[in-house]
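Let's take a walk through this structure together. Please open the sequence and the coordinates, and keep both in view as you read.

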Amino acid sequence: MIARFVILVLLMAASRAEIIDRIAVTVDNRVITASQITLEIRLTAFLDGNKLDFSLAARRNAANRLIEQMLIRREMEVGRYSAPSPGDVEPMLKAVQEQRFPHAGDYPQALAQYGITEEELKAHLLWQLTLLRFLDVRFRPGVEVTDAQIQSYYDKNRANLEAGAGGSRNPTLDDLRDQIRRILTEEGVDQQMDAWLAEARKRSRIEFHEEAFQ
Amino acid sequence: MSMVWARCARFLVMPLLIWTIPSIPLWPRAESFEGKPVVAIQFSPSPQPLAASDLRRAVTLKQGTPLRAADVRKSIENLFASGRYADIQVDAKLQGAGVVVTFITKNSWFVGRVAVLGKVSEPPSRAQMASASRLNLGEPFHDASLPQAQAGVHALLVADGYYETQIKSRIDYDPRTQQAHVTFIVASGPRAKYRTPVLLGQLQMSVSKILAATKWKRRWVGGWRPVEQTRTLQALDKVRKKYEKQERLMAGVELASMDYDRDTQRVTPTLHIDAGPIVDVKPVGAKVSAKTMRENVPVYEEHAVDRDLLIEGQRNLQDAFQAAGYFEAEVEFKQQRLQNGREEIDYLINLGRRHRFVSLQIQGNHYFSTSVMRERMLMTPRSWQMRHGRYSEALRRRDEESIAEVYTQNGFRDVQVTSKVVDDYQGRVGDLAVFILINEGAQWFVSKLQVVGIQQLDAKTILSTLSSIEGEPFSEFSVAEDRDTILAAYYTSGFPNANFAWSVAPGLQPHHVELRFVITEGTRQFVRDVIVEGLEHTRASLVDRNLLLAAGDPLSPIRMADTQRRLYDLGIFSQVDMAIQDPEGDAQEKYVIYDVDEAHRWRLDGGLGAEIARIGASETSLDSPAGATGFSPRVTFDITRLNFLGLGHTISLQTQVSTIEQRALLSYFAPRVRNHDNLDLTFTLLYDDTHGVNTFAAKREEGAVQLAQKLSKPSTLLYRFSYRRVSVSDLKISPDLVPLLSQPVRVGITSVNYIQDRRDDPVDPHKGIYNTVDIGLASKIFGSQVNFVRGLARNATYHRLGKKLVLARQLTFGDIIPYDYEPRYSSAEEAVPFPERFFGGGSTSLRAFPENQAGPRDLETGFPIGGNALLFNNTELRFPLFGESVGGVLFHDAGNIYSSLDNISFRVHQENLQDFDYMVHAVGFGIRYHTPIGPVRVDLAYSLNAPSFFGCSGSIDDLVSCGNNPALRTNHNVGHFQFFFSIGQAF
């Protein structure tokens, strides 16, 4: 009797439909699905060497990263920005393999452990490359670093800069000028990117489907 | 019992866990379906909002293929991109060795009809309120849209003084079309009134003056006006203008707040005013009127003083001086702020010598004629209209560019245009000549054109419309034209995303190129269905007949717009909005929506007026057979019923009562008969009791039916049958003398009228042709008591002479041929009853005469009796007088109304006082003031050979006995000078 009941329950469970994917976020007329969020978590965890975390907060963070990705992709389509070719990813992939998985067999095992395929990893790396190129083309030309800014940065961070200079004793402003310019340029690019993303978010209709985050 | 529970509990936990699993996003479980064959794809709910073809295209999962998460994701993306879904979830269930996939969907909604109910006095109108909701027809509708929309309507009502307005909203969802119809129910409450505003800031003007400028308070009757948005904004503008009059050009007047007091229902506006300095703009070094300064220095118009505007003023003044002959004029400005709150702007002007632009010569042009060049140029040598000509350096540069552009557009890619200015030309001091020197260079041609990518449209048809074909000149302008032509063809055929790219390569021969056009067609869109909203009284069949789109047609914006125009043309809709539902969505099949507002079906018009013309001194006056200035007051009342029975037909009754005419016209208008666009049917009933012609009063009762057939854009045919009974009364000539003419007569006449109108502007034509031919047959067959054939033809042409002059001419010819008339008539002329005869003379026919005074006259009394033939020839030379608005006309009119065709004569002398069959000539001058409704016209004509005649003076008894009493008969003549005032050109 009990065995029959167990079999019945197992049959019922087996015939029960399961959600395999759903809309999690909409950005205007585009969607981010729940499976994309899961994949994003897996890929990020893999590259960062972290444990898989499917908590609500982690899923929301991943969703937000995907929203930004979608806004940038859309901008690139409209602005007809050139994208890197899939072949450009190979050196990056090789670097990941060499740094993270020096022993043969570790890499495929890690992929399986994180539940991702190499193709998915390549696509993710390609996106990172695309993002870097987008930043360079879209924002870097708009960042101007003045001598006054360099001077100001030097004055405020002199101690750190001197410490960071290593062998060189008491480096002058001229010694550090290029380094400071690079730092300030990167900061400028980041600020512009953040401002642009905030504006793009405002312009877009972004809707979270809460059922996908429960 | 408790034992049973205890035994089962450990088993019950398992199903409970299993059942709760789907609510926990354990996405790794989806992998258990990965790679299993898809045995079925289902949708829940079963009826899906996408058309079957779109659904097949969107879902990339295919039955019988392995399930892949990427396909599921792609399917969700595609379905959502169609715009028809708000949410999508995909379930999977094992079935045997395979998997059943179910798409569980939730539809999205789109804005449908937006209506406003409730009683609100305008402003705002219902249309304005609907517009303020910012709910656009066909666009996606979300729950969050409604509060925003309601806030928009509320803000508009508050701006118009309805501070206590209450708005409720209702949404009616139509699942079939996914439309959400939104209704706002408005309880506006009372409209608030203004009260004394609070004025803050540096006023520099008395409060009373500012208050008066706002016009918020009634001037004579007292009290405050109701709040209206327009009135509030106009008040700010008026206050600003008041400051402007005090030369405070930088005055700022801003509305800070509108504070409503619920108890008194009054609004206190608060204005922030900054009067700013007095700005004194004055010319130094030349005498320039204040008006010229205002026209050219934009600080007055912009209410601001900044360097850019002052520079613009400098440039404008310089151009103005140069255009007036001071070609070397130099203008600079100096701005200084004085301490007493004033600011001075001095325009320092050095006019230099005054010149005359006497000669413009173009050299080196072989491909284009000089006249073609001149048409594109703004520089103009002096003429009688422009004493100094029009020249400035800016104009010269612009003309050089225009010439270069026209050459470039025609393949002369290396053209060079320069100019040389010669002062004191031919030794005359101040005379200026400009030589335009053109070096055309080689003309480039297209040696080969390759067009790729045209797949779904007829390539032959498209290619036949292109300019950049083999052997034709090559220019980027032509390529741009071709791009527009090609994309327009795709756009109208339902390809909204069609793309065009082109490349050019050197040809085999020198100065030849090979072109390649690449067309990317993109996805074609089709009409899923046409939805018409807003019909209340109109029959759906009427609208359906006028739709140019149907389900399955390519989604053509042109046809959509044509349908909108056709619906407007029905004349029964006050507004026709159209939209594609969810235009941004990827669905290939789209709903096209028309949202119509039916116009008010009843229209009442009333009017009072008067006519002052040579219409006879009065009804009883007998001593002015040639007509005299008369005054006739007039009352009109019209009632119209639109959209009769919902068929789009119109019934109207137009009535008019004046001292010279009582008239009622009942008409029934049925447009687009039997769904033929070019056929309109009209039935009319007319009662007309007129005293318009001095000789007699006529009462006309008439029924008519007319079918208008539009043959082409310029050509129309009118088929008409009229049946009328005309009786003559108040005959001012003796009935004894014309007993047969004065009898009531019934006329049944069938006529055909052909109209050909190729004028550029019917109101004020400058070129083109206008022809009409009207042939009618009155016969006993049609119930007529008299038999005659009536023909009237008119030919008018308009020709441009140069840029400014227009030569207009018109020839009008008419003849009435009576036949089979009763023997009691002594002549054919008499057989035609009075009202059927031709009468003429006046502002639009022959300006040698007052209205209807041309032609034969009664030999006893001198009153006009009309004729059976007419011939008029009018010639006008039209020219500009002052600027663009005032023009002049020199004219010559010749012709007359003749007793019969045989008596038409070109003779210019009247042989005796009984002779009216000669050609009367008049010359004259007129002035035209151009307005949007046509030119206001004043004509003064001088008749070179006006007729003289015997006429009677005295009482009616005297008139009757006039023939027997020669003492009453005196010599009269039609005055040589005639004066006309009216609207519209003479022809």
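This is a predicted model: local features need pLDDT of at least 70, side-chain atom pairs count only at pLDDT 80 or more; totals for chains, interfaces and linings use all residues.

Residues are numbered from 1 along each chain as its sequence is written, while chains are lettered from A and ligands numbered from 1 in the order in which they are written.

Let's begin with chain A, which has nine helices and three strands. Here helices (H or I, at least four residues) and strands (E, at least two) are DSSP runs, numbered from the N terminus. Read from that end, the elements of chain A follow the pattern α-β-β-α-α-α-α-α-α-α-α-β. A compact globule of 214 residues would have a radius of gyration near 17 Å, but chain A comes out at 24 Å; the radius is taken over C-alpha atoms, and the globule rule is 2.2 Å times the number of residues to the power 0.38. Along the principal axes, the C-alpha atoms of chain A fill a box of roughly 90 × 45 × 35 Å. Of its 214 residues, 18% count as buried. Buried means that 20 or more other C-beta atoms lie within 10 Å of a residue's own, exposed means 12 or fewer, and partly exposed is in between, with C-beta atoms placed from the backbone.

Now turn to helix 5 (residues 145–159) of chain B. Its buried residues are B:A149, B:V153 and B:L157. They cover an arc of only 75° around the axis, so they sit on the same side of helix 5 of chain B; the arc is that of the directions from the helix axis to the C-beta atoms. On the other side of this helix, B:P147, B:Q148 and B:A155 are exposed. Just after helix 5 of chain B, B:G161 takes a positive phi of about 95°.

Finally, look at the sheet in chain B. Three strands form an open sheet in the order 12-14-13, with mixed pairing; two strands pair if DSSP finds at least two bridges between them. The edge strands of chain B are strand 12 (278–284) and strand 13 (330–337), each pairing on one side only. Seven bridges join strand 12 of chain B to strand 14 (residues 342–350) of chain B, and these two run parallel. In strand 14 of chain B, B:L348 is the bridge partner of B:V284.
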